[in-house]
Structure formats: C-alpha cells, structure tokens
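The points below can be read alongside the model, one after another.

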Amino acid sequence: MSKNVAIVGASGNIGSYLSKFLEKEGYLLYRFGKQCSFGRVPIALADPSLLDFFLFNKLQVIIHLGALNNIDRCEQHHCQSLEMNYMLTRRLVAICELLKIKMIFLSSDYVLAGCKLNADEFSSP
C-alpha cells in the first residue's frame, strides 16, 4: 500500500528534490507550490475545502516546507509574510490534528540567520 503524501512547498529547492525522491520510492504525492492544481480543480492552501481534499484523498503525511523566505519581501509585505510563514503552518497543524495525519515541518535558517540565539521549539521569537 502506497502512502499518500502532501508536500507543501513542493516547487521550492528542497521540495522539488524530495518530490522526485519520494515518487521514485512509490509514494503518491500531492504537490502544493506557488501554483497547484489537481486535475482541473485548483486548490489553494487558504481554501476551506482543503480539509475535504485531504480527507477525500486519504492523506497520511503532510510535509510542510513552504514559506516566504525573501527577507526584504517579508519586511515589505507583513500580512503576506504572516499568512505564509505563520498562519499556513497553524492551519496545517490544525488539519493534521483533526484528521490524525502526521506532519513533518522543515524550516530554513532565514528566520534566525545571523542570530546567536540557540533556538528550539520553546524559544521566544
């Protein structure tokens, strides 16, 4: 039985390599990137039907790699940055909890680049 996996950020550097690898290993992938559609139906990550999509396709794992990582753009577009880098993650966590789906989250060092803080999941921003 193959695993049904969603990759958020599939069009990014890590996501594109991971997608190719997992596909070769026999995983059924649902890729979410800057532009994503499945069949003829476009699915946006902010779409309320995303929950139904995950349920219908019996997803077992969500790999969340997506974020805005251009620091200048984030500083100029606070709302978009908040939506992509925080609210999206929060929404995916809620979906995973509700549907009992495993989630793998990976983030780069762009958020804390140059900071001498030893950050972990309990650190304050």
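1. A buried serine. Ser19 counts as buried because its relative accessibility is 2%, where buried means under 20% relative accessible area, exposed over 50% and partly exposed in between, with a 1.4 Å probe and protein chains only. Ser19 belongs to helix α1, residues 13-24; helices (H or I, at least four residues) and strands (E, at least two) are DSSP runs, numbered from the N terminus. Leaving aside residues up to four places away in sequence, Ser19 touches Ile7, Ala10, Leu29 and Arg31, a contact being heavy atoms within 4.5 Å.

2. Basis of the model. This is a predicted model, in which local features need pLDDT of at least 70 and side-chain atom pairs count only at pLDDT 80 or more, while totals for chains, interfaces and linings use all residues. Residues are numbered from 1 along each chain as its sequence is written, and side-chain values use heavy atoms, with hydrogens and water left out.

3. The sheet. Four strands form an open sheet in the order β2-β1-β5-β6, with parallel pairing; two strands pair if DSSP finds at least two bridges between them. Strands β2 and β6 (102-105) stand at the edges with a single partner strand each, so one side of each is left without a neighbour in the sheet. From one strand to the next, the twist averages 20°, with axes taken as lines fitted to C-alpha atoms, for helices over the stretch in contact, and angles running from 0 to 180 degrees between N-to-C directions. Strand β1 (residues 4-8) pairs with β5 in the parallel sense over four bridges, and Val8 stands opposite His64 in β5.

4. Helices on the sheet. Helix α1 lies across β1, β2 and β5 and runs at about 165° to β2. Helix α4 (residues 78-99) also packs on the sheet, where it touches β1, β5 and β6, and its direction makes about 155° with that of β6.

5. Aromatic rings. How many aromatic pairs does the structure hold? It holds four, where rings of Phe, Tyr and Trp (its six-membered ring) pair if their centres lie within 6.5 Å, and planes under 30 degrees apart count as stacked, over 60 as edge-to-face and the rest as tilted. One of them is the edge-to-face pair of Phe32 and Phe54, at 5.9 Å centre to centre and 90° between the planes. Phe32 lies in strand β2 and Phe54 in helix α2, so this pair ties together parts that are 22 residues apart in sequence. Both Phe32 and Phe54 are buried. The rings of Phe53 and Phe54 have centres 6.1 Å apart and planes at 55°, so that pair is tilted, and Phe53 is buried as well. Tyr30, Phe32, Phe53 and Phe54 form one aromatic cluster.

6. Two loop residues. Asn57, in the loop between α2 (50-56) and β5 (61-64), counts as buried because its relative accessibility is 15%. The side chain of Asn57 makes a polar contact of 3.1 Å with the side chain of Tyr30; such a contact is a pair of N or O atoms within 3.5 Å, where within protein one must be able to donate a hydrogen and the other to accept it, and residues adjacent in sequence count only if both atoms are side-chain atoms. Gly26, in the loop between α1 and β2 (28-32), counts as partly exposed because its relative accessibility is 43%.
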